Amino acid sequence: INSQYACFTEENTLPLMFITHRTEKYTEEDQVKIALEGGCNWIQIRMKDNLTLDAAEKLVHLAGSSCRVCIDDNLEIAIKSKALTVHLGKKDMPVSDAWKIIRQQGYGDLFLVGATANTFEDIVEADRQGASYIGLGPYRFTETKKNLSPILGLEGYKRIMEQCREAGLKIPIFAIGGIRYEDIAPLMSTGITGIAVSSAITQAPDPVKEMERFCLIIKKYSKQI
Ligand code: TZP
Ligand code: MG
């Protein structure tokens, strides 16, 4: 048994993932504090060039036990820092290989493995390999990620979510990429589970207030699922 799909059914994790992305104004530590203060309880640590075990451990500790922390790309650091979630992109280790390592180390029932998708086919493959959830995107252009996959737009989400329903896929799907507050209602109506966001929070005039707004609307829509 793995913890596939467990995160949003058995826990009180809000289906809203905040992703750190260092800006001139806010360090990762600042951003974790902002997200927590705004009510977020799921944070992805995304530090492309400067991720270290020490940094991850400090941020996991800061997030505390009531916030799920996900480490981007690096399974070893996710395990050692006790983050208990890793997000794997298309160029990272395959999800099935990650599960082998996680089980070998005895964390099989605790861990979540997220995977990136840009197409329905990506979702099918990640699901087959046992991904716990999908980050599907990008919704629109964003400066936060280099080498963006083709933009999906609302039409892309409608089409892919319809394909998922037809195929009977149950895997939780999170929209990502340039998402602003106003996008949440139309995106949630396509049947996604939730959203992942970075710059809409960190670039808001009052990031804590913006996070609170995001949490409120996500709560409203996630209850309707
Ligand atoms: N993957 C696809 S888009 C993206 C990632 C990590 C960036 C999300 O950040 P933002 O600032 O909400 O576009
Ligand atoms: Mg990645």
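## Around ligand 1

A residue is near a molecule if its C-beta atom, placed from the backbone, lies within 6 Å of it. With that in mind, let's look at this predicted model. Which residues come nearest to ligand 1? They are Thr-142, Thr-144, Gly-177, Ser-198 and Ser-199, out of the 14 residues around the ligand.

What kinds of residues make up this shell? Sorted by class, the shell around ligand 1 holds seven polar residues, six nonpolar ones and one charged residue.

## The chain as a whole

Now step back to the protein chain. Its folded elements are nine helices and eight strands. The radius of gyration of the chain is 16 Å, close to the 17 Å that the globule rule gives for 225 residues, so the chain is as compact as a globular protein of that length. Taken along the principal axes, the box filled by its C-alpha atoms is roughly 45 × 45 × 35 Å.

How much of the chain is buried? Of its 225 residues, 44% count as buried. Contacts tell you about the fold too: among those between residues at least 6 apart in sequence, 63% join residues at least 24 apart.

## A visit to Lys-209

Finally, pick out one residue in the structure above. Lys-209 sits in helix α9, which covers residues 207-223. Is Lys-209 buried or partly exposed? Lys-209 has 13 other C-beta atoms within 10 Å, and a residue is buried only with 20 or more and exposed with 12 or fewer, so Lys-209 counts as partly exposed.

For a sense of distance, compare Lys-209 with Ser-65: the two are 144 residues apart along the chain, and their C-alpha atoms are separated by 23 Å.

Methods
Residues are numbered from 1 along each chain as its sequence is written. Chains are lettered from A and ligands numbered from 1 in the order in which they are written. This is a predicted model: local features need pLDDT of at least 70, side-chain atom pairs count only at pLDDT 80 or more; totals for chains, interfaces and linings use all residues. Helices (H or I, at least four residues) and strands (E, at least two) are DSSP runs, numbered from the N terminus. Ala, Val, Leu, Ile, Met, Phe, Trp, Tyr, Cys and Pro count as nonpolar, Asp, Glu, Lys and Arg as charged, and the others, Gly among them, as polar. The radius of gyration is taken over C-alpha atoms; the globule rule is 2.2 Å times the number of residues to the power 0.38. Two residues are in contact if their C-beta atoms, placed from the backbone, lie within 7 Å.
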